[in-house]
Amino acid sequence: MRSGAALLEVQRLTKRFGGLTAVAGLDFTLGGGEILGLIGPNGAGKTTTFNAIAGTFGADEGEIRFAGEPILGLAPHQIAARGIMRTFQHNRPFAGMPVIENVLVGAHRRFSTSLWSVLAGGGRREEAELRRRAQQLVEFVGLGELLEADVSTLSFGQGRLLEIARALAGEPRLILFDEPAAGLTPAELERLGGIIRGIAARGIAVLVIEHDMRFLLPLASRVVVLNFGAKIAEGTPEAVRADPAVLNAYLGEPRNA
Amino acid sequence: MSALRWLAAFAVLAALPFFLGSYYNDVYRKLLLWITLALGYNFLFGICGQIAFSHFAFYGVGAYSIVIFLFQLELPFPLAILLGVALCALVALAVAIPSTRLEGFYLALATLALAQLFIVVLNEGGAVTGGTGGLANYRLPEVFGVRIAGPWYTVVIVTLLLGTLAVLLRLDRSWFGRACRAVRDNPQAAAAMGVDVARTKVVAFTLTSALAGIAGMVYAFVDNTVNPPIFGLDNAFLILFMVIVGGAGRHAGAVVGAILLFLLPFFLSPLIGHHHVLVFGLLVVAAMLVQPRGLIGIYDALRRRLA
């Protein structure tokens with residue numbers, strides 16, 4: 001990696017759906033250990049941006065670089081292989097597996113034993129080692145009591161924590177959170193904030209797409225505000241909160257087009 | 001400890017044929033082969049979540065290929081085995097690669113077509129496949145001057161069954177088995193975790209198809225005849241029924257389902273003749289409506305209640 005360069009660089013990202021431009025020439029960067037909040041009203045282009053980074057959809061113009069390498073247009077599993085893991089807004093657990101096995105799926109790319117060695121009886125030590133680390137992650141997010149629990153018995157909030165442990169098991173350098181606060185109780189939100197701070201403290205870059213400003217602003221080290229697909233403000237949470245353009249966008253005051 | 005248990009299982013299963021008459025020995029052999037097939041199909045359908053109707057066709061590809069390679073082309077025994085496995089893997093790849101690129105039921109459709117096409121090829125294969133009459137009047141070649149026969153050949157089938165189970169258990173308890181279950185449960189989330197969904201499906205399909213082919217090679221010397229009606233579609237559905245009734249996704253379920261549906265006709269046929277298929281249909285519908293986890297699911301529920 002080039003020294004001083006940001007881990008994630010989004011440049012002139014543009015995505016159109018038919019006549020609608022969902023994201024228009026978006027630029028931003030993100031470094032390790034930083035928590036970047038991507039906010040904006042409904043339809044501002046947050047999810048489109050998220051999907052372009054995660055590989056769910058492509059883009060029409062622009063570039064996304066991760067550790068200096070272009071990643072735009074790669075499939076989701078290739079993005080994950082490069083060290084970018086994500087959570088889903090609507091929890092997507094693997095319903096047929098207990099909690100610990102779910103987290104081990106997140107570690108999929110950490111396994112180096114080939115299928116042939118597996119068939120020959122190899123890889124048991126690696127399996128045990130990664131299982132031990134997965135267990136630590138389950139404890140880190142506070143689900144240590146539920147290691148062997150069926151995922152269908154988890155509450156919504158516990159399911160969100162499982163999503164986080166599973167993403168962390170891939171030992172990501174960048175983790176993407178898709179509206180992590182949605183549907184959580186105030187107590188769960190507080191715990192979630194602590195976990196996200198803990199992740200960033202490990203040097204992992206964190207990108208949070210969020211609706212809930214009361215949750216995001218105290219958490220983020222920097223915020224990018226989108227409206228109608230374009231960046232209208234960027235800066236510290238305090239600066240953004242006072243920005244007239246942001247107030248306009250959120251309060252819906254009429255602007256001269 | 002674990003090795004001891006495998007050894008004990010082998011000893012019991014392999015000793016049994018020496019106490020059976022030739023009729024019951026034949027029933028026992030077929031039962032072992034059905035369990036082997038159901039175990040492999042359970043990995044594909046129950047663990048990896050793929051609906052395919054080609055498992056029994058690959059059993060046939062294995063059976064026919066070993067007979068053709070050995071007695072039509074007169075290849076040496078080890079080469080014939082290797083080529084038979086390679087052929088199964090190749091056909092499996094040719095079907096799986098295009099169909100997993102498409103969404104949903106295309107694998108089911110493609111494998112249904114393959115199973116039908118296989119029967120057509122057998123019937124129209126002329127001297128190579130023996131046409132509608134198939135191939136017969138061959139015998140297992142001697143290995144190191146010994147011709148394995150009678151209960152000793154049943155020991156070969158026991159080895160096949162336990163070998164298949166060992167391979168499937170190894171796969172299931174590794175990152176690969178977990179990836180298969182993840183693909184079954186939620187493909188989008190699996191991809192986000194770095195699992196190459198299409199590749200996982202293709203590998204699971206190819207491996208289980210090759211295992212079915214190997215079982216077919218062993219079967220070829222059970223009846224010492226291979227002909228088109230044996231490998232028809234009704235048996236493809238029977239494997240699916242075995243796995244559903246026993247409990248999809250569980251190795252024990254596949255074993256229980258195979259034993260039940262294989263033995264049921266022996267008890268039902270004297271009572272209701274060929275209508276036993278109706279009972280199978282009712283069992284499958286009952287399993288899907290009442291207990292989607294099959295007989296093994298009922299067993300789990302009972303054990304939980306008693307505990």
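Domain bounds here come from an automatic or database domain assignment. For chain B that assignment gives domain 1 (2-231) and domain 2 (233-307), so colour those two ranges to begin. You're looking at a predicted model, in which local features need pLDDT of at least 70, side-chain atom pairs count only at pLDDT 80 or more, and totals for chains, interfaces and linings use all residues. Residues are numbered from 1 along each chain as its sequence is written, while chains are lettered from A and ligands numbered from 1 in the order in which they are written.

**Stop 1: the two domains of chain B**

The C-alpha centres of domain 1 and domain 2 of chain B sit 21 Å apart. Their contact (C-beta atoms, placed from the backbone, within 7 Å) takes 20 residues from domain 1 of chain B and 18 residues from domain 2 of chain B. Now select α2 (22-47), α3 (55-72) and α7 of chain B: these elements each give two or more residues to the domain 1 side. Helices are DSSP runs of H or I with at least four residues, strands are E runs of at least two, and both are numbered from the N terminus. The largest share of that side, eleven residues, belongs to α2(B). By class, the domain 1 side has 17 nonpolar, three polar and no charged residues. Ala, Val, Leu, Ile, Met, Phe, Trp, Tyr, Cys and Pro count as nonpolar, Asp, Glu, Lys and Arg as charged, and the others, Gly among them, as polar.

**Stop 2: α7 and α10 of chain B**

Show side chains for Val156(B), Ile157(B), Leu160(B), Thr164(B) and Val167(B) of α7(B), with Leu211(B), Ala215(B) and Val218(B) of α10(B), to see who makes the contact.

**Stop 3: α1 of chain A**

Over to chain A, residues 46-54. Eight of the nine residues of α1(A) are buried, so the helix is largely enclosed by the rest of the structure. Buried means 20 or more other C-beta atoms within 10 Å of a residue's own, with C-beta atoms placed from the backbone.

**Stop 4: α6 of chain A**

Finally, pick α6(A), residues 156-168. Eleven of its 13 residues are buried, and they pack against β6 (84-86), α3 (99-106), α5 (124-140), β7 (174-178) and α7 (186-201) of chain A.

Conventions
Two residues are in contact if their C-beta atoms, placed from the backbone, lie within 7 Å. A residue is buried if 20 or more other C-beta atoms lie within 10 Å of its own, exposed if 12 or fewer, and partly exposed in between; C-beta atoms are placed from the backbone. The expected span of a helix is 1.5 Å times one less than its number of residues.
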